[in-house]
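Hi,

Here is the structure I promised to pass on. Have a look, and my notes follow below.

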Amino acid sequence: MALGPFDFSFFERYNIPLKRFAAGDVIFSQNDPGDLMFVVLEGKVDITVGDKVVETVGLHGIFGEMALIDRAPRSATVKASSATELAVIDENSFIELVRKSPVFSLYVMRQMASRLRHMNEAV
């Protein structure tokens, strides 16, 4: 299965751990430390601020990258809305991925730009 320019071997090659969550599991909460980002490999997650779902992220989407990059606390809560499998990327792995696979950093930037454009349209 391809992940944009990636496939599962991409995560194996860089020893990126995978983690499963059941529907309803909280992946992280607002104000938690921002030490990980995630790539959705299966299922969907809801990003909420307060009681409002601001985005649903599905297959191949990323989340948590903003706090990982700027080292700030989480700005939202994320829950699995269905059974979900995620690639879990810490800061060291992120740096290694960016260094060894510039396409990965472009993928992250495109996802962030898309999210920002979508938020701007909603205003």
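First, a term: a pocket is an open set of points on a 1 Å grid over the protein atoms alone, where a 1.4 Å probe fits, with protein on both sides within 12 Å along at least five of seven lines; lining residues have an atom within 4 Å of a point. Keep in mind that this is a predicted model, where local features need pLDDT of at least 70 and side-chain atom pairs count only at pLDDT 80 or more, while totals for chains, interfaces and linings use all residues. Residues are numbered from 1 along each chain as its sequence is written, and side-chain values use heavy atoms, without hydrogens and water.

Now the pocket. In the largest one, 25 residues form the lining, and Ile47, Val54, Glu55, Arg115 and Met119 lie nearest the centre. Helix H4 (102–122) gives the most to that lining, with 6 residues. Helices here are DSSP runs of H or I with at least four residues, strands are runs of E with at least two, and both are numbered from the N terminus. Strands E6 (45–49) and E7 (52–57) and helix H2 (65–70) also supply at least two residues each.

As for the sheet, it is open, with 4 strands in the order E3-E10-E5-E8 and antiparallel pairing; two strands pair if DSSP finds at least two bridges between them. E3 (18–21) and E8 (62–63) are the edge strands, each pairing on one side only. E5 and E8 are joined by 2 bridges, and Val39 has Ile62 in E8 as its bridge partner.

Cheers
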